[in-house]
Amino acid sequence: MIPKKMPVKDAHIVKIAVEFENHIAQLINLDQRQPLTGKIQEICSCWGIVDPENYALQFCETNNQKYVTEKNRNEIKNGSVLRLQYSPSKTANDALETLRTGSTFDKVKCLKELSSLSVDLTFALEFIKEQGLDIIISMIEEPSEKEDEILKYSLKSFVELMEHGTVSWEILQNSFVERNIYIVRNFQHFSKCTESALSNLENIVQNSSKHNLVEHEVTLQDLLRLLQDANSSVIMQNAIALINALFIKANEARKRQISHTISAKQYRLALIGNVTSTEMTHQLYVLQTLTLGLLEQRMRMKINAQEQDAHEKIKELRRIAFDDYSGIMGSGGNGSLSGVGIGNVNFAQYYKKLGFKCDINPAQDFIETPPGILALDCMVYFARNYTQQYTKIVHENSCRGDEHECPFGRTSIELVKVLCDILRIGEPPSDQSDFQPMFFTHDHPFEEFFCICIMTLNRTWKDMRATGEDFLKVFSVVREQITRTLKQRPDNLEDFRGKIAHFTYQTITNLRQQERTSKEECDSTASAIVKLKEKISPHILDLIKQQRLAFLVEGTRFSKYSRGARSKDKFWYGRLSPNFKVIHYGDCDEKTIPTLEELPNKVSVIDIKQLLEGKECPHMKEMRTRKSAVNLAFSITFDSMDHSTLDFVAPDETIFNYWTDGINALLGQEMVSKQKKEDFDTLLSMEIKLRLLDTEGPHNSTENKKRSKGPFESPAPPNNQPHISDTEEPALCPDADEPEPT
């Protein structure tokens, strides 16, 4: 008997269901090469519909109800369920007729549907083409519309229509801007409309020449009062976003006025009192960057001979530290910066004790920028507000005769330079939020931050028994102490003070010793070690590959990007199927992790052609975005013309490395990320240590096997958890001595 040949499956034909109200669904084969208009005519004919030109197909998933077009039809997969609906043109015209002549009840119903439909670009373009946006604007401007559903959904529809970026914000008249300003200033009476009005004003400030009207009419006190009284997290984040927009547009004097106002305690507490979302955290990070950015002017300013205030501050540092000599110096306030002062007092010796490099004229120490005069500002703040600690540091070090003195002047100037670099002062906000709430807990946060760090530096200098030759080594340790503490997100400056105290020089030394020991063992050139590395390297690579694929199966939430910037509160989720054959993706909210069934779109791994990164990605070529976003971007291209590229912008570098490694692994290509190299080195080091322990004898081998698992037994970390290289290494031997600090 000759076996029957199985029919060859046509990749261009998908089996779908089409629903229509009050009718039994049709099960059809959709040829993706056939024009949609022809298929819609067939579907309408089956149901006896005589005007197929007024109908269109629509996705009917919970998070995807867009119209099916020739551009997005590749999202239709086998098993998809579509809905036959009125076409975008027909729906837009019906909506406009209702808005013009309908009753109040009909208008509310129509606007509510419109606010959802406007998310779809296809519908939005039809509605705008039919002058629908003008009607929405006139309804918002209508002063008789108070707090009701019509105003609420009119504003929401306007926000969604403008979100597509097809209409310029310059079309708006002053009356529209003033209406939104009125709603925000009287938010107690417009609680349902304030969210949209704030979003509109933010966009007007950023994208319209009418930003001056907003700056003059909306006071900072209005927005800060709204922050205190609002009970909606979205309203709060939109208010902070508007403050940021006003800050960016303001001149230098206005920026300092805004910064001074929000530094008041009640407003600081309102800003950080209810941080509930990623977007709010990002907006607070932007505000933090903008306010700290005001230090840039002082940071880049050199001291000059005519600046009397700066010279007086240097004299004040001397007077506070050495006030016992005030009688010798006459009034104590008119001493010269140069070598000899009143009564032939040699001031140079005091400036030398203060730790300045140029003791004859210490003003020369503040010529370098950064940190410029900002360093002098911080030093004087420390001397005035922490006088006891300041004098103690100066006298303890100036009286030492063993070459271990810590020069206060030189170290303070270098420390301010380091702090400016860590906080990226003078750089614009990036897409990777590094919000530190402690900078909103004090009137002078940077100066207080400096005071804590200079005392930490002095303690570390003493712990290291450092000399002038160890200057760079000390700052290497201090930088690590600060950055490790900042990663713990201290709530306030006192919390920062407590946390950095735990990172002593001994602690940093032990951490470095562990890393150094691990590296030295891995770099061993013994032939037996080299052969062992060659033997176990494939297993290590396979373990990393398994971890990367497990990470992709867990999935990741990505932010959406539109018009060259990250879209607020809009996310999508991507994850790999457990059999590693399909990538599922679709829209999601900020908190929920969707299942595979809840993700409507999918692409087959077998159809992937190549992986693109950075500037090679098509969505990076078109976007006017920041460098940080470009570095985190990657795209997947496909052999089949049914799919456009699938574009990503990772939340951070770790997730970027995990996803690109995972996709390369799926394609059978080498994993090339920096993270892969770090993980490989760490796991290789751990496995070699464990195997070497087995050679020391049965006692140690058995004991260590009982105490810890090998790296090959470790489960893959869950989504967004610390990567392999962040895990703690097992001890080499239970009786081994602790390494001595270097």
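What share of the 742 residues in the protein chain do buried residues make up? Buried residues make up 50% of them, where buried means under 20% relative accessible area, exposed means over 50%, and partly exposed lies in between, with a 1.4 Å probe and protein chains only.

Let me state the conventions. This is a predicted model, in which local features need pLDDT of at least 70 and side-chain atom pairs count only at pLDDT 80 or more, while totals for chains, interfaces and linings use all residues. Residues are numbered from 1 along each chain as its sequence is written, and side-chain values use heavy atoms, with hydrogens and water left out.

I turn to confidence. The protein chain averages a pLDDT of 84, pLDDT being the predictor's confidence in each residue, from 0 to 100. A score of at least 70 is reached by 86% of the residues. Over residues 698–742, however, pLDDT stays under 50, and it also stays under 50 over residues 325–334. Where pLDDT is low, the predicted coordinates should not be read in detail.

As for the overall build, the protein chain holds 30 helices and 11 strands; these are DSSP runs, numbered from the N terminus, with helices (H or I) of at least four residues and strands (E) of at least two. Of the contacts between residues at least 6 apart in sequence, 66% join residues at least 24 apart; contact here means heavy atoms within 4.5 Å. The chain exposes about 36,700 Å², of which carbon and sulfur atoms supply 50%; accessible areas come from the Shrake-Rupley method with a 1.4 Å probe, and for residues only the protein chains shown count as cover.

Next, consider helix α3, residues 104–117. Its 14 residues should span 20 Å at 1.5 Å a residue, and its end C-alpha atoms are 20 Å apart, which agrees; the expected span is 1.5 Å times one less than the number of residues. Which residues of α3 are buried? They are Cys110, Leu111, Leu114 and Ser115. These four lie on the same side of α3, because they cover an arc of only 140 degrees around the axis, the arc being that of the directions from the helix axis to the C-beta atoms. An α-helix has 3.6 residues a turn, so residues three or four places apart point the same way. On the other side of α3, Phe105, Lys109 and Ser116 are exposed. The buried residues of α3 pack against α2, α4, α5 and α6.

In the loop between α2 and α3 we find Gly102, which is partly exposed at a relative accessible area of 21%.

Of its 15 residues, 13 are buried, so α14 is largely enclosed by the rest of the structure. Gln288 has its place in this helix and counts as buried at 5% relative accessibility. Not counting residues up to four places away in sequence, Gln288 touches Asp434, Phe435, Gln436, Phe439 and Phe440.

Finally, Gln58 belongs to strand β3, residues 55–59. Gln58 is buried, with a relative accessible area of 5%. A polar atom of the Gln58 side chain lies 3.0 Å from the backbone oxygen of Gln65. Leaving aside neighbours within four places in sequence, the contacts of Gln58 include Tyr67, Leu82 and Leu117.

Notes
A polar contact is a pair of N or O atoms within 3.5 Å; within protein, one must be able to donate a hydrogen and the other to accept it, and residues adjacent in sequence count only if both atoms are side-chain atoms.
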